[in-house]
Amino acid sequence: MQDKIGWIGLGSMGSRMAKNLAKNGYQMLVADKMDTSAAPDSAYVAATNSEVILGANILILSIPAGPNTLEITQEILNSPTSSVEIVIDTSTIGIPDAKQAAELLSKKGIEYVDAPVSGGIAGADSATLAVMVGCKENIFDKIQPILKCIGANIFHVGPNPGQGQTVKLLNNFLSATAMAATSEAMAFGTANGLDMNAMLDVVNVSSGRNTATMDKFPNRVANEAYDGGFATRMMAKDVRLYVENVSRSKTPCSIAPIVADQFAKLEKAEPGSDFTRIYPFIRDN
């Protein structure tokens with residue numbers, strides 16, 4: 001019998017991932033406390049999370065933060081007739097909350113899969129996300145067909161919850177650092193009379209190239225579109241989580257606080273902005 005998928009969280013990422021799963025023929029029950037208007041057409045829209053928990057054997061989460069995951073975990077534990085066997089969490093919540101959710105669910109025999117995603121709205125739309133998975137190998141084998149409906153690059157990074165979070169946080173720290181550093185470099189170049197696209201042409205065949213110079217700046221910044229598809233508040237949250245988790249790991253952390261501070265200041269100055277707005281923010285301040 002085909003798995004019945006429950007999906008909680010229909011925001012800009014979750015709604016797109018859920019639609020790609022539905023396109024592949026999965027029966028789905030979906031819920032979102034805020035807005036269910038973006039639910040897949042073929043899905044049954046539940047009135048509450050509890051209704052999803054009762055009807056699905058695999059539950060997928062796409063929610064803002066760790067407290068949301070732990071709240072839903074408690075809802076599962078409090079449900080005497082829950083059907084959930086596996087929880088796949090695509091959210092970026094940090095290592096401690098992923099470990100706590102896994103530990104709590106294991107007491108009820110439920111497997112927790114730590115599976116944050118990267119690729120933004122464009123990747124969610126096209127089902128080309130990278131998915132970083134921390135779980136037991138046999139569980140990874142079972143859920144791979146589901147994950148392949150939302151992502152083109154599925155990585156089993158380790159057997160433990162929290163390991164997917166580790167890779168996601170370090171990836172977003174590197175992405176944020178590339179954006180902040182490239183912003184400083186482009187501001188320096190343009191102040192000295194250089195054309196941004198001319199600089200990018202040189203950098204992108206030289207040792208300074210990175211994801212910001214190869215994608216974000218030529219396609220989102222140089223044309224002043226600033227539409228990278230990832231909110232500043234989310235990048236600020238992710239780099240803050242990186243700093244917090246690095247501190248717990250007692251590994252070096254001298255650059256990350258500076259990057260985190262830049263994105264926190266941008267979010268304060270421009271609430272609701274796209275993270276590519278870091279360039280004019282750094283240039284003008």
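## The largest pocket

The largest pocket of this predicted model is lined by 49 residues, and those that lie nearest its centre are Ser12, Met13, Gly229, Phe230 and Met234. A pocket here is an open set of points on a 1 Å grid over the protein atoms alone, with protein on both sides within 12 Å along at least five of seven lines, and a lining residue has an atom within 4 Å of a point. Two or more lining residues come from each of helix 1 (14–23), helix 3 (66–78), strand 7 (117–118), helix 5 (120–126), helix 7 (163–191), helix 9 (211–221) and helix 10 (232–249), where helices (H or I, at least four residues) and strands (E, at least two) are DSSP runs numbered from the N terminus.

The volume of the largest pocket is about 1,300 Å³, a volume being the space filled by probe spheres set on the grid points, which are joined across faces, edges and corners. Its lining divides into 18 nonpolar, 19 polar and twelve charged residues; Ala, Val, Leu, Ile, Met, Phe, Trp, Tyr, Cys and Pro count as nonpolar, Asp, Glu, Lys and Arg as charged, and the others, Gly among them, as polar.

## Met13 at the pocket

Met13, one of the residues nearest the pocket centre, is found in the loop between strand 1 (4–8) and helix 1. Leaving aside residues up to four places away in sequence, Met13 touches Ser62, Val117, Gly120, Ile121, Ala124 and Leu129, contact meaning heavy atoms within 4.5 Å.

## Helices 10 and 11

Helix 10 packs with helix 11 (residues 256–269) at an angle of about 155 degrees, their axes being 9 Å apart; axes are lines fitted to C-alpha atoms, for helices over the stretch in contact, and angles run from 0 to 180 degrees between N-to-C directions. Helix 10 is therefore roughly antiparallel to helix 11, given that angles under 35 degrees count as roughly parallel, over 145 as roughly antiparallel, 65 to 115 as roughly perpendicular and the rest as oblique. On the helix 10 side, the residues in contact include Val239 and Tyr242, while those of helix 11 include Phe263 and Leu266. By class, this contact of helix 10 with helix 11 has twelve nonpolar, one polar and three charged residues.

The loop between helix 10 and helix 11 holds Ile255, which touches Phe173 and Thr177 when residues up to four places away in sequence are not counted.

## Two further helix pairs

The axes of helix 7 and helix 9 come within 10 Å and cross at roughly 75 degrees, so the two helices are roughly perpendicular to each other. Ala178, Met179, Thr182, Ser183 and Met186 in helix 7 meet Thr211, Ala212, Thr213, Lys216 and Phe217 in helix 9, a contact made up of five nonpolar, four polar and one charged residues.

For helix 3 and helix 4 (residues 95–106), the axes come within 9 Å and cross at roughly 5 degrees, which means that helix 3 is roughly parallel to helix 4.

## Basis of the values

Residues are numbered from 1 along each chain as its sequence is written, and side-chain values use heavy atoms, with hydrogens and water left out. For this predicted model, local features need pLDDT of at least 70 and side-chain atom pairs count only at pLDDT 80 or more, whereas totals for chains, interfaces and linings use all residues.

Notes:
1 Å grid on protein atoms, 1.4 Å probe; cavity = no way out; pocket = protein on both sides within 12 Å on 5 of 7 lines; lining within 4 Å.
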